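Take a look at the model below. We will go from the residues around its ligand to the packing of its helices, and end with the chain as a whole.

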Amino acid sequence: MNIDTIKIRPANFDDSEFVAKSVMAALGNDEVYAVPLKKEIKATIEKITSICQREDVLYSWKNTIIAEIDGKPIASLTAYDGTNYKEIKERTFSLFDEPLDFDVDLMQDETREGEYYIDSATVLPEYRNQGIGKKLLIASIEKGKELGIPHVTLLVNPHNPKAKRLYRSLGFREAGEVYVFGEYYQRMKLDTTEPMRIDILTVLPEMLEGFLNCSILARAQKKGLVEIHVHNLRDWTLDKHKRVDDYPYGGCAGMVMQCEPIDRCIESLQKEREYDEVIFTTPDGEQFDQPMANSFSMKKNIIILCGHFKGVDYRIREHLITKEVSIGDYVLTGGELAAAVMTDAIVRIIPGVIGDEQSALSDSFQDNLLAPPVYTRPANYKGWKVPEVLLSGHEKNIRNWELEQAIERTKRLRPDLLKN
Ligand code: 6GU
């Protein structure tokens, strides 16, 4: 299976049975996927399906998004606005006519106003551990942001460190415990209003300032969608000559950036907030690409240390750096351009940064396809003509043409992208 062929879409009424099974499986009942189904399970599925078909319950198809492959649903996620939670919860549970095996009255509220609450997410057993749940979570976080709800929250079993790590990687942080379904759960919360923050550490801040104060990056900062701070490492040295580098031990050529200014700067930042990643730009790092940009853009706070001269004292890389990244197989004079490239790629996919939400997603590389050609007026310039189909106004033909072009160009120019 290629995870890029997965489509995420809102559920519809006809998905209600799939939603019902997902909700049951999320409560630990994988028997819903057995063939043949046990009679009593079948009856429960039917009952819960009738609940999921309603629009005024927690587990409504309306609150659900679906992941599908070739038109077949393989995973679902149910999430809702926590406003009026109590009332909707009471209605939902009153519809279960069988006794529940936990005491609803002892249950604390799972969510409240101001939260977009991810109630449950379930992937069919044969599709688990392939990143599908993460895709659904990302789509759901986007939806919470679009709805303008300040927090996205969810509960995780405290004994499931893997799930917790996944949520943390998406920006969720621990926010207390709640007692529900007869057990204590860890509450996790993601702030949708606090913008992502990028701190860039460099000995050449001028090199970045122009770039950051232009066009889309400047607008994103003004709109409060991202905060970018540039730190001059010379401000962090205790050396009276403001030196930040020194000769290498062992006597080879070139200079090496010293530990102290870098360590002091990172330490002072980490005192203020938690950082998800401390990135070092270096030609021998892991190659930067679109999936890496996507994953960085889901983080809350990151530090980028720009490499320089011959390199940095290796102890910094051993003790402080969490990821080493290169932007390609060539050597630059410093890491500033690499940091700029990465920052640009990360920021432009933050929702709201590019006016047209669609455009960042329909880019080259987002679906492993190069983008189709685009044209604008006039339709005929010096006899150079725009393809007929684009002037036809026929939406379906135009989308088909674009897809054909994208595939043809990828086959011709970047066949390596189609390999998997
Ligand atoms: Cl991240 N730094 C430098 N100095 N050169 C590079 C690079 C980084 N990526 C490609 N070349």
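Start with how residues are classed. Ala, Val, Leu, Ile, Met, Phe, Trp, Tyr, Cys and Pro count as nonpolar. Asp, Glu, Lys and Arg count as charged, and the others, Gly among them, as polar. Keep in mind, too, that this is a predicted model.

Now turn to the ligand. Which residues come nearest to the ligand? They are Thr281, Pro283, Ser326, Leu332 and Ala338, out of 13 residues around the ligand. Sorted by class, the shell holds 6 nonpolar and 7 polar residues. No charged residue belongs to the shell. Strand β12, residues 277-287, gives the largest share of the shell, with 3 residues.

Next come the helices. Two packed helices are described by the angle between their axes and the distance between the axes. Take helix α1 (residues 16-26) and helix α2 (residues 39-52). Their axes lie 8 Å apart, and the packing angle is about 115°. Angles of 65 to 115 degrees count as roughly perpendicular, and α1 and α2 are therefore roughly perpendicular to each other. The crossing of α1 past α2 is right-handed. On the α1 side, the residues that meet α2 are Ser16, Glu17, Val19, Ala20, Lys21, Val23 and Met24. On the α2 side they are Ile45, Ile48, Thr49 and Cys52. By class, this contact has 7 nonpolar, 2 polar and 2 charged residues.

A second pair is α6 (residues 205-212) with α11 (residues 336-347). Here the axes come within 9 Å and cross at roughly 25°. Angles under 35 degrees count as roughly parallel, so α6 is roughly parallel to α11. The crossing of α6 past α11 is right-handed. Met207, Leu208 and Phe211 make the contact from α6. Glu336, Ala339 and Ala340 make it from α11. By class, the contact of α6 with α11 has 5 nonpolar residues, 1 charged residue and no polar ones.

Finally, step back to the whole chain. How many helices and strands does the protein chain have? Its secondary structure comes to 14 helices and 17 strands. The C-alpha trace spans about 80 × 65 × 40 Å along its principal axes. The protein chain has 420 residues, of which 29% count as buried. Consider also the contacts between residues at least 6 apart in sequence. Of these contacts, 73% join residues at least 24 apart.

Conventions. Residues numbered from 1 in each chain as written. Predicted model: local features only at pLDDT ≥ 70, side-chain atom pairs only at ≥ 80, totals over all residues. Axes fitted to C-alpha atoms, helices over the stretch in contact; angles between N-to-C directions. Helix = DSSP H or I, 4+ residues; strand = E, 2+ residues; numbered from the N terminus. Parallel < 35°, antiparallel > 145°, perpendicular 65-115°, else oblique. Left-handed = near helix turned anticlockwise from the far one by under 90°. Contact = placed C-beta atoms within 7 Å. Buried ≥ 20, exposed ≤ 12 C-beta atoms within 10 Å, placed from the backbone. Near = placed C-beta within 6 Å.
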